Amino acid sequence: MNTRSQVLLWGAQRASAAILALCIVVHIATIVYAVRNGLSAAEVLGRTRGNAGWLAFYVIFVAAVAVHAPIGLRNILAEMLGWRGRGADLFALVIALTLALWGWRAVYAVFA
């Protein structure tokens with residue numbers, strides 16, 4: 001992989017980490033709020049269903065995960081197993097698409 005691609009992946013990893021940090025804080029704060037106020041799962045879903053703001057938030061959350069995790073996994077495989085090249089890149093892409101699909105499916109289930 002050329003230097004430009006490596007720099008782009010590094011930037012994507014760092015940017016997605018920043019987005020994930022913010023999303024995790026919001027997500028945990030929401031959980032704490034729900035628990036402290038005794039909200040049931042049905043009440044939480046009642047507040048999220050059809051709410052475009054929560055849909056956008058969780059779509060961004062899932063997108064950040066789908067970018068961040070495969071890049072990190074690709075780097076771990078390269079460092080620990082020496083797995084580099086197109087095979088490792090394709091594996092990371094499959095992981096990214098799988099995470100995105102599963103995540104967006106979960107988001108849709110909460111929104112719809």
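Helix H3 (residues 52-81) gives the largest share, four residues, of a nonpolar surface patch; helices here are DSSP runs of H or I with at least four residues, strands are E runs of at least two, and both are numbered from the N terminus. The structure is a predicted model, in which local features need pLDDT of at least 70, side-chain atom pairs count only at pLDDT 80 or more, and totals for chains, interfaces and linings use all residues. Residues are numbered from 1 along each chain as its sequence is written, and side-chain values use heavy atoms, with hydrogens and water left out.

The patch covers about 600 Å² and is made by Leu73, Ile76, Met80, Leu81, Trp83 and Phe91. Its members have over 30% relative accessible area and no salt bridge, with nonpolar side chains (Val, Leu, Ile, Met, Phe, Trp, Tyr) joined within 5 Å and, in patches of charge, like charges joined within 9 Å. A salt bridge is a side-chain nitrogen of Lys or Arg within 4 Å of a carboxyl oxygen of Asp or Glu. Areas come from the Shrake-Rupley method with a 1.4 Å probe, and for residues only the protein chains shown count as cover. Methionine 80, placed in helix H3, is classed as exposed because its relative accessible area is 67%; exposed means over 50%, buried under 20%, and partly exposed in between (1.4 Å probe, protein chains only).

Leaving aside neighbours within four places in sequence, leucine 20 is in contact (heavy atoms within 4.5 Å) with Phe61, Ala64, Val65 and His68.

Threonine 48 belongs to helix H2 (residues 41-48) and counts as buried because its relative accessible area is 12%. Beyond its neighbours within four places in sequence, threonine 48 touches Trp54, Val110 and Phe111.

For the chain as a whole, there are four helices and zero strands. Buried residues account for 22% of the 112 residues. The C-alpha atoms fill a box of roughly 50 × 25 × 25 Å along the principal axes. Of the contacts between residues at least 6 apart in sequence, 78% join residues at least 24 apart.
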